[in-house]
Amino acid sequence: ISMLSNNTEVHKLVQGHFNTSAELWGLAVHPTMPVFATCCDDMTVRLWNSRFLQPIAGGIAHLGAKVRAVAFNSDGTQIAAATYDGKIHVLDSDLKQEVALVTVGTAWIQCLKYSPDGKYLACGAHDNMISLLETKAYSCSKKLKGHHSYITAIDFSKCGGYLQSASGDYELLFWDCHS
């Protein structure tokens, strides 16, 4: 609680992302709990309680680069965060520990999506490619080339064998993840 110059009390309700020139880019919902994660150009990933509309105490990770996309894995035990410098930071579900750090490329990554079975993490970047990482070691399994503009959205089929993607020039492509 603080006081304004006219003796009016001010109560802080929520403190979230903040930087005068930062943009909020990513949002991911936990698969089973009332929790969501956000990421921003302020170089942080933050956890929120959706039931109480409050930030989760201690639920913040500082990554040292603008964070542009975030995704929970299928069981909610890990969170992948993509940065402006082409890296993927894989964090545990409470953001306390980094599980893996992968350099996908030099272009910034705009979208992330885990396959429903948790075997793959798809990363759509501004180099017009999708990197398909296998999640046991977070190594690059495949590079999907075919878009003529940066990747704006990616999604897996329910079985996880197929991927659809959209790009900045409104192109929609479909991929067989096995071939």
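Me: A nonpolar core is a set of buried Ala, Val, Leu, Ile, Met, Phe, Trp, Tyr and Cys residues joined through side-chain atoms within 4.5 Å. Which residues of the largest nonpolar core touch the most other members?

Reply: This is a predicted model with residues numbered from 1 along each chain as its sequence is written, and local features need pLDDT of at least 70. Side-chain atom pairs count only at pLDDT 80 or more, totals for chains, interfaces and linings use all residues, and side-chain values use heavy atoms, with hydrogens and water left out. The largest core has 17 residues, and Ile-88, Ile-109, Leu-112, Leu-121 and Cys-123 touch the most other members. Strands E7 (67–72), E8 (78–83), E9 (87–92), E10 (98–103), E11 (109–114) and E12 (120–125) each give two or more residues to this core. Apart from it lies another core, of 15 residues, including Leu-63 and Ile-79.

Me: What is Cys-123 in contact with, leaving aside its neighbours within four places in sequence?

Reply: Contact means heavy atoms within 4.5 Å. On that basis the partners of Cys-123 include Ile-88, Ile-109, Leu-112, Met-129 and Ile-154.

Me: Why is E9 called largely enclosed by the rest of the structure?

Reply: Buried means under 20% relative accessible area, exposed over 50%, and partly exposed in between, with a 1.4 Å probe and protein chains only. In E9, 5 of the 6 residues are buried, so the strand is largely enclosed. Across the protein chain of 179 residues, buried ones make up 45%.

Me: How do you know that E9 pairs with E8?

Reply: Strands (E, at least two residues) are DSSP runs, numbered from the N terminus. Two of them pair if DSSP finds at least two bridges between them. E8 and E9 have 5 bridges in the antiparallel sense, so they meet that definition. Gln-78 stands opposite Asp-92 in E9. The two strands form a hairpin with 3 residues between them, and Gly-86 in the turn has a positive phi of about 80°. E9 and E10 also pair in the antiparallel sense over 5 bridges, with His-89 opposite Leu-101 in E10.

Me: What makes the lining of the largest pocket nonpolar, polar or charged?

Reply: Ala, Val, Leu, Ile, Met, Phe, Trp, Tyr, Cys and Pro count as nonpolar, Asp, Glu, Lys and Arg as charged, and the others, Gly among them, as polar. The lining divides into 15 nonpolar, 5 polar and 2 charged residues. A pocket is an open set of points on a 1 Å grid over the protein atoms alone where a 1.4 Å probe fits, with protein on both sides within 12 Å along at least five of seven lines; lining residues have an atom within 4 Å of a point.

Definitions and conventions
Helix = DSSP H or I, 4+ residues; strand = E, 2+ residues; numbered from the N terminus.
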